[in-house]
Amino acid sequence: MNKLPDIDWNRVDALIKMALDEDLGDRGDTTTNSVIDEALIVDAVFLAKEDCVCCGLNIAERLMKTVDPSIHWENLVREGDFCKKGTVMAKVTGKARSLLTGERTALNFLQRLSGTATAARRYQEAAGEKSVILDTRKTTPGWRNLEKYAVAVGGAQNHRIGLYDRIMIKDNHRELAGLGGTGGILRSVERARKQYPDLEVEVEIDSLAELPEALESGAEYILLDNMSTADMAEAVRITAHRAKLEASGNMTLPRIPEVADTGVDFISVGALTHSVKSADISMDILSKRS
């Protein structure tokens, strides 16, 4: 498994609180509290109802224990494990009221993160060892840390985390700075390095005509935006390892193998976070311990 980004537990706790607040309001789980005996203790499992990559059990456990610290939680699989349909991912024991109150919200986290990890695994498997799949900043607001964590759990890698940890000069930056046209890439990179000498620089190009200047600029990364597969292959030949090349734009799963075959170093895929399908996981009650 790739090196995982650290989970920002302060942000997670804030997300958990917000998620529980929107579900429980100021009255709590009125259905459960009116129907279920307060003293009833139950055993339950979290069950994979389709093939998926496990991600987020730690978040689901933290949420459940926010609802009720006395809940006992036991993981039966690890983060990043491939779980076939029918796999019991975790066992929990606790007050029935507490488990039912936290069930949906815990599943929302677990299903979303497992879905993201599963998508990342599929894309990286499609690329094989020829290219590294990267995520993007097209994340759910407030969820970036967790979604990038899930991408890494799935076996792909993280691109920059935000606007602060890499210079990434796109055509809009050059145009708005009056640096469009010939020489604009060189001057943009020069400005960036002068102000932030500690950061790596990536420049975006959308044609092979811009590649020589991008290489001359000394940028560590060059993003090939919406290029044809043939042009990407030619960019790899011209670059000859003088910079890392990242393919971006319309990177669907069926297209990944042919793009990886061009020899680009990275393929960035916004769909890993902006269009992911949540995994089908349920919490099933096994028995009562009244």
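Let's start with how this chain folds back on itself: among contacts between residues at least 6 apart in sequence, 70% join residues at least 24 apart. Keep in mind that you're looking at a predicted model. The protein has 290 residues, and 49% of them count as buried. You'll find 11 helices and 12 strands in it, and the C-alpha trace spans about 75 × 35 × 25 Å along its principal axes.

Now pick out helix H7, which runs through residues 184-195. From its first C-alpha to its last, H7 reaches 17 Å, close to the 16 Å expected for its 12 residues. Its buried residues are Gly-184, Ile-185, Ser-188, Val-189 and Ala-192. Look down the axis of H7 and these buried residues fall within an arc of 125°, so they line one face of the helix. What do they pack against? Strands S7 (167-169) and S8 (201-205), plus helices H6 (171-176) and H8 (211-217).

Next, hop over to Ser-282, which sits in strand S12 (residues 281-288). Is Ser-282 buried or exposed? Its relative accessibility is 12%, and buried means under 20%, so Ser-282 counts as buried. Leaving aside residues up to four places away in sequence, Ser-282 touches Val-45, Phe-46, Leu-47, Lys-49 and Leu-107. Its side chain also joins that of Asp-284 through a polar contact of 3.0 Å.

Key. Residues are numbered from 1 along each chain as its sequence is written. This is a predicted model: local features need pLDDT of at least 70, side-chain atom pairs count only at pLDDT 80 or more; totals for chains, interfaces and linings use all residues. Side-chain values use heavy atoms; hydrogens and water are left out. Helices (H or I, at least four residues) and strands (E, at least two) are DSSP runs, numbered from the N terminus. Buried means under 20% relative accessible area, exposed over 50%, partly exposed in between (1.4 Å probe, protein chains only). A polar contact is a pair of N or O atoms within 3.5 Å; within protein, one must be able to donate a hydrogen and the other to accept it, and residues adjacent in sequence count only if both atoms are side-chain atoms. Contact means heavy atoms within 4.5 Å. The expected span of a helix is 1.5 Å times one less than its number of residues. The arc is that of the directions from the helix axis to the C-beta atoms.
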